[in-house]
Amino acid sequence: AYLPVIGNAMIESLELLVAANSTLKNNLFDGLKVNTEAAQEKLYRSPSVVTALLPYTGYHKAGELAKLMKLKSIDIFEANKQSGMIKEEKLREIMKPENLTKTGFRIGEIE
């Protein structure tokens with residue numbers, strides 16, 4: 001008995017969702033430019049980036065690296081140089097944006 005009412009409500013909800021999507025695109029994202037250099041610099045200075053190292057160093061050592069970064073206000077590369085925790089080439093490979101945004105890791109990637 002209520003099927004037509006439910007169907008109508010779903011169609012109205014979809015129309016609202018499409019309108020909200022259009023508004024967001026037109027008023028928020030059009031013309032938006034990202035400063036990739038500044039974004040990368042902020043990312044590499046954020047102690048939270050060490051979470052990408054958890055499969056390679058473990059929780060405790062990654063925490064030590066994050067603490068060093070925070071105490072000395074340095075980026076992950078400089079903190080790693082000072083601590084010698086991971087090989088420089090391996091760290092650069094892990095910190096590539098495409099590797100930071102992929103889902104999961106393979107056992108073969110861990111040394």
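This report describes the helices, nonpolar core, aromatic contacts and salt bridges of one predicted model.

Local features are given where pLDDT is at least 70 and side-chain atom pairs only at pLDDT 80 or more, whereas totals for chains, interfaces and linings use all residues. Residues are numbered from 1 along each chain as its sequence is written, and side-chain values use heavy atoms, with hydrogens and water left out.

**Helix 1**

Helices are DSSP runs (H or I, at least four residues) numbered from the N terminus. Helix 1 covers residues 3-29, a total of 27 residues. From its first C-alpha to its last it reaches 37 Å, close to the 39 Å expected at 1.5 Å a residue; the expected span is 1.5 Å times one less than the number of residues. Gly-31, which follows helix 1, has a positive phi near 85°.

**The nonpolar core**

The largest nonpolar core contains 17 residues. Such a core is a set of buried Ala, Val, Leu, Ile, Met, Phe, Trp, Tyr and Cys residues joined through side-chain atoms within 4.5 Å. Buried means under 20% relative accessible area, exposed over 50%, and partly exposed in between (1.4 Å probe, protein chains only). Val-50, Leu-53, Ile-76, Leu-91 and Met-95 have the most contacts inside this core. At least two of its residues come from each of helix 4 (59-72), helix 5 (76-83) and helix 6 (88-94), and helix 4 gives the most, with five.

Leu-91 belongs to helix 6 and is buried, because its relative accessible area is 0%. Beyond residues up to four places away in sequence, Leu-91 is in contact (heavy atoms within 4.5 Å) with Leu-53, Ile-76, Phe-77, Asn-80 and Ile-86. In contrast, 33 Å separates the C-alpha atoms of Leu-91 and Phe-29, which are 62 residues apart in sequence. Met-95, with neighbours within four places set aside, touches Tyr-44, Val-49, Ala-52, Leu-53, Ile-76, Phe-77 and Leu-100.

**Aromatic contacts**

The whole structure holds one aromatic pair. Tyr-44 and Phe-77 form this pair, which is edge-to-face, with 5.0 Å from centre to centre and 75° between the planes. Rings of Phe, Tyr and Trp (its six-membered ring) pair if their centres lie within 6.5 Å; planes under 30 degrees apart count as stacked, over 60 as edge-to-face and the rest as tilted. Because Tyr-44 lies in helix 2 (residues 36-45) and Phe-77 in helix 5, the pair ties together parts that are 33 residues apart in sequence. Tyr-44 is buried at 11% relative accessible area, and Phe-77 is buried at 9%.

The ring of Phe-77 also has the charged end of Arg-92 over it, 4.0 Å from the ring centre. This description applies if NZ of Lys or CZ of Arg is within 6 Å of the ring centre and within 35 degrees of the ring normal.

**Salt bridges**

A search of the whole structure finds four salt bridges, each being a side-chain nitrogen of Lys or Arg within 4 Å of a carboxyl oxygen of Asp or Glu. The table gives some of them, including one formed by Arg-92.

| Salt bridge | N to O distance |
|---|---|
| Glu-41 and Arg-45 | 2.6 Å |
| Arg-92 and Glu-88 | 3.3 Å |
| Lys-96 and Glu-93 | 3.2 Å |

Glu-41 and Arg-45 are about one helical turn apart, because four residues separate them in helix 2. Arg-92 and Glu-88 are likewise four residues apart, in helix 6. Glu-41 is partly exposed at 38%, as is Arg-45 at 40%. Arg-92 is partly exposed at 44% and Glu-88 at 24%.
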